[in-house]
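Colleague: I would like to go through some backbone features with you. Please show me the structure first.

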Amino acid sequence: MHHRARSLSRPSLAPFQRPALAWLMAAALGLAWPHPAPARPAADKSDKSERAEKPATEKSLGKETVRDDGAAEKGSGENLGMLRQRLAERLATRPDPAPAAARPEAKGEARAEGKGEPRADAKTTRHADAKGHGGEIHWAYDGEGGPERWGELKPEFRTCATGKRQSPIDIRDGIRVDLEKIQFDYQPSGFAVLDNGHTIQVNLAPGNSLQVMGRRYELLQFHFHRPSEERINGRQFDMVAHLVHKDPDGRLAVVAVLLERGRDQPLVQTVWNNLPLEKGEALAAPGQMDLNQLLPEDRAYYTYMGSLTTPPCSEGVLWMVMRQPVQLSANQLSIFGKLYPMNARPVQPGSGRLIKESQ
Ligand SMILES: [Zn+2]
């Protein structure tokens, strides 16, 4: 029996309401998408690229994959039934759990996406390691699948090379204006932690959102980069957290919280405490987390239009970078560094984009 199935029957889940249970089941299945999708134009609904960054567990579900987190969030009896059925099917068809192979020892080694499938040869070179089963090169932060090559790896990644409004950027020369306050509406929420092969990602149960420029965006997930991808007047920070939100029309808004070495950060600690032992499988955590704990006291921010910073690099993403960094401890930094010593895309040309900054 797979451990994810056991985690579903934990007694601690019993008091949960049905929607929360449905969400947790979805998270355990890798269905609760919570991952950056491009804000796709209406005419482009067939674009498969929106799924490119999803957790690897979904790949094996093929056409069964829920295209959006919406279905998993509704928590109706029907959806719950559907999820149960899928769980049963998945457990029935699932290949034997991978032997404890997988995690590359070498720091900075290009890592295959996904669940840490056993490798034929334990002495895999970086070259082989970067390739999937079809001989296809996985995107990475160095080597053959590195950022300069992202646009060539797959047709749906082309925007990474050809886009004119890419992220991250070096934020400078913004205009100082009275920027409207971002209305954060975060509350203690259930969560699941996922090592997706590119970063540590936390999928949130529904119920967290923000409002800005007349739109309400729901928080789907947050994840980390080391060092920070964005720069402020050339300065790079130790890490950054990206809080990924989506509105009902599919538009994305990402809040970036810059992280610098200092004192312990309680929410980061909660995430590290719940790190899964295996890649590619979202592990539902006991308890809840409150994202307000990650926000800086000063809510001034920079804003500009950009893209996802990982393939497919889709544009149309509203970026809001909090100006005041938040501290985390040296120990917390080094824990992430052991998993992902460098997972930041290089800065992209500003190309004359307007940057606004709070007074
Ligand atoms: Zn990010």
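Predicted model: local features only at pLDDT ≥ 70, side-chain atom pairs only at ≥ 80, totals over all residues.

Colleague: What is omega for the peptide bond from P311 to P312?

Modeller: Omega is near 10 degrees there, and the bond from P311 to P312 is cis. P312 belongs to the loop between β13 (301–307) and β14 (315–322).

Colleague: Now phi. Where is M213 placed?

Modeller: M213 is in the loop between β6 (209–212) and β7 (215–225). Its phi is near 50 degrees, a positive value in a residue other than glycine.

Colleague: Is M213 buried or exposed, and why?

Modeller: Count the C-beta atoms around the residue. M213 has 11 other C-beta atoms within 10 Å, and 12 or fewer makes a residue exposed, so M213 is exposed.

Colleague: What is phi for C313?

Modeller: Phi of C313 is positive, about 60 degrees, although C313 is not a glycine. C313 lies in the loop between β13 and β14, and P312 is found in that loop too.

Colleague: Does C313 count as buried or exposed, and why?

Modeller: C313 counts as buried because 32 C-beta neighbours lie inside 10 Å, where the cut-off for buried is 20 or more.

How values were computed. Residues numbered from 1 in each chain as written. Helix = DSSP H or I, 4+ residues; strand = E, 2+ residues; numbered from the N terminus.
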